[in-house]
Structures are given as C-alpha cells and as structure tokens.
Amino acid sequence: MSTAEGLTAAPGPASAHQADQAPFARVGRGAVRAWWRLLASELSLVFRRWRNLALLAVVAVLPAILGIALRLATPRGGGGPNAFLIDQLAGNGVFLAFIALTIMLALVLPLTVAVVSGDSVAGEAGSGTLRYLLAVPAGRTRLLGVKYVAVVIFGLAACVIVAGVSLALGAALFPVGPVTLLSGTTVPLADGLLRLLFVTLYVAAAMAALGAIGLAVSTFTEHSIAAIAAVLVLAVASEVADNIPQFGAVHPYLPTHWWLSFDSLLRSPIATWDLLHGLLSFGVYAVIFCAIAWARFTSADVTA
Amino acid sequence: MSAARRDSEEADRPAAGGERRRGPASGVTVTHAGPSVANGSPNGDAPAISPLGAAPTRGETGAAVTTHGLTKRFRGGQVAVDGLDMVVPRGSVYGFLGPNGSGKTTTIRMLLGLVYPTSGSHELLGTAMPAGAARVLPRVGSLVEGPAFYSQLSGRGNLARIDAADRAADPRTAGDRISTALERVGLLAAAKKHYRAYSLGMKQRLAIAASLLQPRELVVLDEPTNGLDPQGTREVRALVREIARDGTTVLVSSHLLAEVEQICTHVGVMRTGRLVFQGPLDELRARGAARIQVRTPAARQAAEILTELGLEDVQASDGEASAQLGDEAPERVCRELVLGGVPVAGLDTPRPSLEDLFVGLTGEGFDVDG
C-alpha cells in the first residue's frame with residue numbers, strides 16, 4: 001500500500017513542478033510589470049499633488065533667491081561655516097550649487113521629504129483609500145515597497161532640482177571655470193561637475209534614510225500631519241543634538257550627523273572613509289526603519 | 001457562456017486544492033489549503049474529482065464565505081465580533097443585517113483581510129484567508145464602509161488608481177474595463193469630473209463601479225445605501241439585482257432590513273457581535289409565529305379557555321384576549337370559545353412583519369447592551 005502510494009505519488013510533485021515552471025515565469029514577469037504600473041500610479045499621485053508641487057517650487061525658488069542675493073551683495077564669507085564656499089563663489093558659479101545644497105539641507109530638504117514620507121501611508125489611511133487599495137488586493141508589502149520607492153524618488157527629485165537650479169543660475173550670474181577644492185587643489189570644470197553629481201546623490205541618499213524614518217512613522221497613525229511633524233521634530237532634534245559637544249558620544253549615530261560629510265567630495269584626494277561612513281549610516285537607518293514600517297504595516301488592523 | 005466558464009473553474013479548483021491521493025468520496029470535504037495553481041490537473045486527477053464539479057454549489061463546500069468562530073477583540077478589550085459562524089451560499093444575495101455597531105463592518109473587514117481576527121478562521125470562495133488573499137481577493141469586489149477616493153482625481157482617475165493596484169489586472173484593457181464599470185453604474189457622463197464634486201450618491205456608485213472592474217465571483221457591499229435618498233437606494237438595489245443576475249454572490253450589509261429585503265435570498269442578523277439568525281429569508285419569515293387575537297367583552301373568560309387549549313403566552317386585556325397560536329387551527333379555537341360561552345366579536349391571526357421579527361432579533365432602537 002505504502003509502496004504503491006509512494007510510486008504513484010512520486011511523479012506527482014515532479015511533474016507538477018515542471019508544469020508550474022512556465023506559469024511561474026509568466027507570473028514573475030507579470031508581477032514585475034504590475035509593480036511598475038503601481039509605481040507609476042503612485043508617482044503620478046505624488047507628483048501631481050499641488051502641495052508636493054508647491055514644495056518642489058520652494059525647493060527651486062530658494063536657491064535662485066540665494067544666488068541673486070549673493071550676486072548683489074559682494075560675496076564675502078566672513079567667519080561663517082560656509083565662508084570658504086562663499087569666498088569661492090565670486091570666482092566660480094559652480095559653488096552656488098554646493099552652497100545651496102548645504103543651506104537647503106538644514107531645513108527645506110528634510111521638510112520636503114518629511115511631508116511626502118509622513119503622508120505616504122497615513123494619508124491613505126486617513127482618507128480611507130488604504131482599505132480600498134488593500135482590498136484590491138494591492139498587497140501590504142508590495143504597496144509599502146512602492147510607497148518607499150516613490151518617497152526616495154521624490155527626495156532625489158528635490159535634490160536634483162536644488163543642484164540643477166543653482167548650477168544654472170550660478171553659471172548665469174558668476175564666471176565658471178576650473179574648480180578650486182577645499183584642499184586647495186584646482187580640478188578641471190568637468191571634474192568639478194562630476195563631484196557635484198556625487199554630492200547630489202549623497203544628499204539624496206541622506207534624504208532616502210530620512211524617508212524611511214518618515215515611512216515608519218507614517219504606518220503608526222492615520223493623521224499625516226502628526227507623522228510629518230514627528231519626522232521634522234526628529235530631524236531638527238538630531239541636528240541640535242549634533243551641535244551640543246556634551247553629546248559627542250552619540251554624534252556618529254545621529255541620523256543627521258553625516259549629512260554634511262559630502263564636503264569630503266570637495267577634497268583631493270576624496271576622504272572616502274567619511275563618505276562610506278555616512279552611506280553606511282544612511283543604509284542602516286533605511287534598513288531598520290523600513291523593517292519597522294514593514295512589521296507594523298503588515299500586522300496592523302486597517303480600521304480607517 | 002459565463003456560467004460555463006464558472007463551472008469549469010469549479011471543476012478545476014478542487015484538483016488544484018491539494019487533493020491528490022485520495023478517493024473521490026473524501027474529496028468532497030476539501031475546499032481549501034491548496035497552493036495556487038494556474039494549470040489544470042497535472043496528473044490526471046480530474047476524473048476522480050469531477051463529481052465535485054457536478055455537485056450542487058450550495059452548502060458547506062460551495063459556500064462563497066465560511067467563517068469558523070471568527071472573533072475580534074479590539075485592544076481596548078471591546079469584543080466587536082464574537083464567535084461568528086457564517087455561511088454565505090454561492091449564488092445567493094446575502095443580506096447582512098444588524099444595527100449600527102453590531103459588528104457588521106468589523107466582520108466585513110476581517111473577511112477582506114483588512115482586520116486580523118483575534119481567533120477563528122474564514123474562507124472566501126474556498127480559499128483560506130488571509131493567507132490566500134493575493135489569490136482570492138482579485139475575484140472579490142468590495143465596497144467597505146462607504147466610498148473613499150482621492151478627491152483630486154476624477155472618477156476615471158480613481159478607478160485607474162484602483163486598477164493599477166491590482167496585480168491581476170491587464171493594463172491594456174484597463175480603459176475599456178473602467179468605461180464599462182462606469183457605464184454600469186451610470187457614471188460615464190461624469191467620468192471626468194473631480195471626485196470632490198460628486199454627490200454622495202455618485203460617490204457610492206463609484207465605489208460600486210470599483211468593485212466591478214473585474215469579473216467577480218463575490219461582491220461585498222458594506223452599507224451601499226447609507227446616506228442615499230430613496231431614489232439612490234432604489235438605484236443601488238437595481239444594481240445589486242443586476243450583479244446577482246449572472247450568478248455573482250452578493251454579500252450586502254445594511255442596518256435597515258427594508259432596504260435589502262426585496263433583493264435578498266438569505267439573511268444573517270447580527271446583534272452585539274453575534275449572529276442571532278442566519279438562513280434563507282423565507283425561514284426568517286416562517287419564524288414569525290402567528291398569534292390569535294379575540295375581541296370579546298369577556299376577555300378573562302376567553303383567556304381561560306385559551307389556556308385550557310394549551311396555547312402559550314396568553315394575555316388578557318380590556319376587550320381582547322390573545323395567545324400564541326402555535327399549531328392550533330384558528331377555527332377550532334373559535335369553536336371552543338363559542339362553545340365555552342365567550343361572545344366572540346372578532347377574531348384575527350396576525351403574523352409579525354419581517355421588520356417586527358428583525359427588531360425582535362436585534363433589539364429596539366438605541367439598545368446598546370454589552
């Protein structure tokens with residue numbers, strides 16, 4: 001009996017397995033296409049909201065105002081933290097992009113990412129659309145993944161806009177030429193622009209880490225304003241703590257500590273160690289908070 | 001055509017359902033726990049299972065929704081749903097009734113996998129939930145607790161968003177399917193209007209359209225008539241009838257029996273988280289035991305005779321005596337009364353209306369017990 005069963009049963013799983021291969025491959029491709037479709041839908045939702053567009057407009061206008069102000073007032077760095085950059089600006093418009101990224105990183109870029117990430121899940125929960133998406137079913141993990149990718153793309157877009165607008169305006173208002181680095185060496189313009197690209201990507205990575213925190217917070221509430229405020233408070237508190245020497249021991253672990261380490265890219269040779277340290281910090285924050293978001297979102301009751 | 005397709009799916013599903021090495025007899029009880037299989041029957045099991053496909057789709061195996069002791073206790077300790085054993089037969093229009101706050105919406109949220117039960121389990125279309133959500137929910141359309149959409153998008157834009165979230169949806173046919181769904185609910189003319197400009201009735205209809213983007217085997221409508229005027233209510237009823245006409249099972253909840261009474265084949269009645277009645281609507285109707293009412297100046301004497309006849313719940317008031325009629329024939333009761341010397345001025349055997357039965361089951365008005 002058992003032998004007979006074993007004999008008849010044995011080919012079963014094998015042939016079933018073979019038969020399943022083709023459909024699975026098809027399902028796999030279909031799933032990838034469907035994932036892109038959902039991402040496209042999410043992006044069009046994020047990038048068409050007037051609130052988000054207004055944020056991007058602010059992100060575009062502020063560097064422009066900064067550039068004009070620096071052009072009108074003779075750029076003199078004085079003793080401020082950005083003294084070197086501002087001193088350089090007079091001779092090279094490219095530096096406007098570095099100055100703009102540094103200044104926007106203090107509040108406006110984190111604000112932009114906080115709004116979009118804090119709203120990502122909480123906004124859908126608050127308006128009730130989340131229950132419709134999940135009943136479709138969009139899949140909780142899948143939806144969360146798409147949401148996070150959209151947040152990262154939005155943060156990247158904000159960084160690119162800051163860099164792009166300030167670079168264009170810097171070129172229009174100031175002379176452009178070979179770039180003198182913080183370490184005193186002068187590199188060709190193309191090299192300088194490449195460094196600007198890496199700086200922009202580095203800042204976008206920092207924003208992606210903040211976006212993960214926002215995504216996690218967003219899964220705990222139905223009120224997007226609460227989530228947005230929480231992320232902002234966290235970012236500002238971290239920046240404040242980073243400036244208090246007594247907290248020196250925790251500084252390297254603060255989410256904002258490595259944000260400005262992109263100045264390593266403006267040295268020759270590049271201080272790779274600092275950069276990697278920063279990227280590692282962003283990666284760890286992103287992984288931890290995406291995991292928190294996932295754990296919460298896949299187990300929570302959707303009652304809104 | 002669609003019926004034939006459904007039949008063949010029915011025949012396939014058990015073959016896919018993990019039932020491989022057993023005989024046809026035991027196969028009858030297997031309805032779930034199988035892996036999703038898109039192909040037919042890989043190793044010629046289909047003949048062994050075929051009796052299932054031919055078997056009537058009513059009853060335990062063919063149920064569109066089955067719950068086993070489904071319970072939800074919220075964090076505050078409040079028990080919203082308490083040991084629910086619900087069976088929605090395939091092809092039925094199941095009226096899920098109960099006052100506001102009796103646990104209907106929580107139940108529906110659990111059915112759809114939005115809320116996780118504290119204990120108990122359930123199956124949709126024979127597939128265990130929430131584990132099988134990705135497989136079974138594409139065949140289930142739903143409207144949960146009122147419409148909720150993106151106010152900045154048009155009606156069409158909203159349906160496109162919902163459709164984009166569906167892994168199983170074919171993007172090439174999305175435009176056509178959205179148009180068809182909008183047309184079915186009469187919103188095609190308002191398709192480009194912003195959602196925020198929709199009236200409440202239009203919002204409800206858009207939510208129903210969202211549940212009709214794909215061919216469905218089960219449609220769950222939670223309070224689809226909530227907040228609608230009588231005209232809108234009638235439209236929704238007509239829509240439900242139309243959905244049910246081609247064999248789709250419809251689970252429709254309402255706190256008003258009158259709104260769904262005309263379209264339901266089955267009802268389940270909730271009261272404070274428990275199912276107090278479930279079955280065909282006719283069964284509920286038959287449950288309403290008739291009383292016998294005797295108008296007479298000698299009410300006390302009449303009551304004595306009614307008691308002697310063995311009738312229950314005898315009551316006597318000024319000028320009238322009444323009792324539960326039970327199996328007694330009213331003409332015999334009348335003769336006994338007359339023979340007993342009771343002057344019978346009038347005799348009636350009223351049955352409680354469905355509404356009375358419903359209220360009897362759920363409690364009067366703002367009855368918040370528990």
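1. In chain B of this predicted model, strand β12 (residues 291-295) and strand β14 (residues 320-324) pair in the antiparallel sense over five bridges. Strands here are DSSP runs of E of at least two residues, helices are runs of H or I of at least four residues, and both are numbered from the N terminus. Two strands count as paired if DSSP finds at least two bridges between them. Within β14(B), B:Ala323 is the bridge partner of B:Ile292.

2. On conventions, residues are numbered from 1 along each chain as its sequence is written, while chains are lettered from A and ligands numbered from 1 in the order in which they are written. As the model is a predicted one, local features need pLDDT of at least 70 and side-chain atom pairs count only at pLDDT 80 or more, whereas totals for chains, interfaces and linings use all residues.

3. The β12/β14 pair belongs to an open sheet of four strands in chain B, in the order β13-β14-β12-β15, with antiparallel pairing. The edge positions are taken by β13 (312-317) and β15 (346-348) of chain B; each has a single partner strand, so one side of each is left without a neighbour in the sheet. Direction ignored, neighbouring strands of this sheet are turned by 10 degrees against each other on average.

4. Helix α13 (residues 299-308) of chain B lies across β12, β13 and β14 of chain B, and runs at about 170 degrees to β13(B). Angles run from 0 to 180 degrees between N-to-C directions, and axes are lines fitted to C-alpha atoms, for helices over the stretch in contact.

5. Elsewhere in chain B the pairing is parallel: four bridges join strand β7 (residues 140-143) to strand β8 (residues 218-222). The bridge partner of B:Ser142 in β8(B) is B:Val220, and that of B:Leu143 is B:Leu221. β8(B) also pairs in the parallel sense with strand β9 (residues 249-254) of chain B, over five bridges. There, B:Asp222 has B:Ser253 of β9(B) as its bridge partner.

6. Which residues cover the two faces of β8(B)? B:Leu218, B:Val220 and B:Asp222 lie on one side and B:Val219 and B:Leu221 on the other, and all are buried. A residue is buried if 20 or more other C-beta atoms lie within 10 Å of its own, exposed if 12 or fewer, and partly exposed in between, with C-beta atoms placed from the backbone. In β7(B), B:Val140 and B:Ser142 point one way and B:Gly141 and B:Leu143 the other way; all of these are buried as well.

7. Chain B as a whole has 15 helices and 15 strands. Of its 370 residues, 43% count as buried. Among its contacts between residues at least 6 apart in sequence, 68% join residues at least 24 apart. A contact requires the C-beta atoms of two residues, placed from the backbone, to lie within 7 Å.

8. Chain A has eleven helices and two strands, in the sequence pattern α-α-α-α-α-α-α-α-β-β-α-α-α. Buried residues account for 41% of the 304 residues in chain A. For contacts in chain A between residues at least 6 apart in sequence, 78% join residues at least 24 apart.

9. In chain A, helix α6 (residues 108-127) packs against helix α8 (residues 140-173) at an angle of about 160 degrees, with their axes 10 Å apart. That makes α6(A) roughly antiparallel to α8(A). The cut-offs are under 35 degrees for roughly parallel, over 145 for roughly antiparallel, 65 to 115 for roughly perpendicular, and oblique for the rest. The contact residues include A:Leu109, A:Val113 and A:Val116 of α6(A) and A:Val151, A:Phe154 and A:Ala158 of α8(A). By class, the residues of this contact divide into eight nonpolar, four polar and one charged. Here Ala, Val, Leu, Ile, Met, Phe, Trp, Tyr, Cys and Pro are nonpolar, Asp, Glu, Lys and Arg are charged, and the others, Gly among them, are polar.

10. Helix α9 (residues 189-218) of chain A and helix α10 (residues 224-242) of chain A pack at an angle of about 140 degrees, with their axes 9 Å apart. That makes α9(A) oblique to α10(A). The contact of α9(A) with α10(A) has eight nonpolar, two polar and no charged residues. Among them are A:Leu210 and A:Ile213 in α9(A) and A:Val231 and A:Leu234 in α10(A).
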